[in-house]
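Please read the numbered points with the sequence and the model at hand.

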Amino acid sequence: MQFSYVTLFEGLIASYFEDSILKRAIAKGLLEITFLNPRDYTKNKHGKVDDYQASGGAGLVLFPQPLLDLLRSLKEKSPHAYIIFPTPAGKLFTQNDAKRLAHKEHLVFVSGRYEGIDERVIETFADELFCIGDYVLTGGELPSLVMSDAISRNIKGVLGNEDSLSIESFESPLLEAPCFSKPPLYEDKSVPSEFLKGNHAKITGLKK
Ligand code: SAM
């Protein structure tokens, strides 16, 4: 699976892949990540990517030219690339979306900044629009990472033990049961007896 991130701030995303499970997924060749910066596609002298709103409202918007040129060039090289725009106006991203998108070959996340991205870019290239929750963030980098992390877990081979996927929260109408490590008694808190008897059916019934 390839993840491409269209962002003005590559460093915000790249560091997340430098540790733990996703670092190992890259090392195993299960995941490849690439970055594309709209600034590299500008035609103006100063590498400007934002402009005032046509409506005159407050705040700047990422204007069409750099993003349209970048995405056109990407689609030429990778016609099957599936393009996702994180935006508060999108539908809520869920575990089912993470599972479904884990079957794509190449996902592209286009991060907005400032007041967002000119709607004509979204109309031309969006395969899907996703919101990660009812709050406004400063940019699309965190939403892109949230979605790619959730998707990666569902790519075959990324998790050491794939059984953990089937019993996780959101796989059924209930959440996963709480977890306890050893020892069974720590300070004055003990692990509930059902967990110590290893009765998994009953433990699953203890879901919140
Ligand atoms: N003016 C926009 C609005 O009111 O809906 C908010 C723009 S926000 C400051 C800048 C960028 O952050 C957006 O273009 C989007 O890429 C990203 N973003 C912010 N909150 C988000 C959320 N809850 N879900 C997905 N993306 C979000």
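**Notes on the predicted model**

1. Y114 lies in the loop that runs between strand 6 (106-110) and helix 5 (119-125). Helices (H or I, at least four residues) and strands (E, at least two) are DSSP runs, numbered from the N terminus. Although Y114 is not a glycine, its phi is positive, at about 55 degrees. Y114 counts as partly exposed because its relative accessibility is 39%; buried means under 20% relative accessible area, exposed over 50%, and partly exposed in between (1.4 Å probe, protein chains only).

2. Residues are numbered from 1 along each chain as its sequence is written, and side-chain values use heavy atoms, with hydrogens and water left out.

3. S20 belongs to helix 2 (residues 20-27). With a relative accessibility of 46%, S20 counts as partly exposed. As background, most residues other than glycine have a negative phi, and most peptide bonds are trans.

4. The peptide bond from K182 to P183 is cis, with omega near 0 degrees. P183 sits in the loop between helix 7 (163-166) and strand 8 (185-186).

5. On the overall form, the protein chain has 9 helices and 9 strands. Its radius of gyration is 21 Å, whereas a compact globule of 208 residues would have one near 17 Å; the radius is taken over C-alpha atoms, and the globule rule is 2.2 Å times the number of residues to the power 0.38. The C-alpha trace spans about 70 × 40 × 30 Å along its principal axes.

6. The protein chain is divided into domain 1 (2-162) and domain 2 (172-205), with bounds that come from an automatic or database domain assignment. The C-alpha centres of domain 1 and domain 2 are 38 Å apart.

7. Of the 208 residues in the protein chain, 39% are buried. The chain exposes about 12500 Å², of which carbon and sulfur atoms supply 55%; accessible areas come from the Shrake-Rupley method with a 1.4 Å probe, and for residues only the protein chains shown count as cover.

8. Which residues does V110 touch, not counting those up to four places away in sequence? They are V6, L67, L71, I83, I84, F85, P86 and I117, where contact means heavy atoms within 4.5 Å. V110 is found in strand 6 and counts as buried because its relative accessibility is 0%. Between V110 and T94, 16 residues apart in sequence, the C-alpha to C-alpha distance is 18 Å.

9. D118 lies in the loop between strand 6 and helix 5. Its relative accessible area is 14%, so D118 is buried. Apart from neighbours within four places in sequence, D118 is in contact with V61, L62, F63 and P64.

10. T42 occupies the loop between strand 2 (32-36) and strand 3 (50-52). With a relative accessible area of 18%, T42 is buried. The C-alpha atoms of T42 and Q65 are separated by 7.1 Å, although the two residues are 23 residues apart along the chain. Q65 is also one of the residues that T42 touches beyond four places in sequence, with G47, K48, V49 and P66.

11. N154 is in the loop between helix 6 (141-152) and helix 7. Is N154 buried or exposed? N154 is buried, with a relative accessible area of 17%. Q95 lies 59 residues away in sequence and 9.6 Å away in space, C-alpha to C-alpha. Not counting residues up to four places away in sequence, N154 touches Q95, A98, K99, A102 and L165.

12. M1 is placed in the segment before strand 1 (2-6). Leaving aside neighbours within four places in sequence, the contacts of M1 include L30, L31, E32, L101, A102, H106 and I155. M1 and F125, 124 residues apart in sequence, are 20 Å apart in space, C-alpha to C-alpha.

Methods
Predicted model: local features only at pLDDT ≥ 70, side-chain atom pairs only at ≥ 80, totals over all residues.
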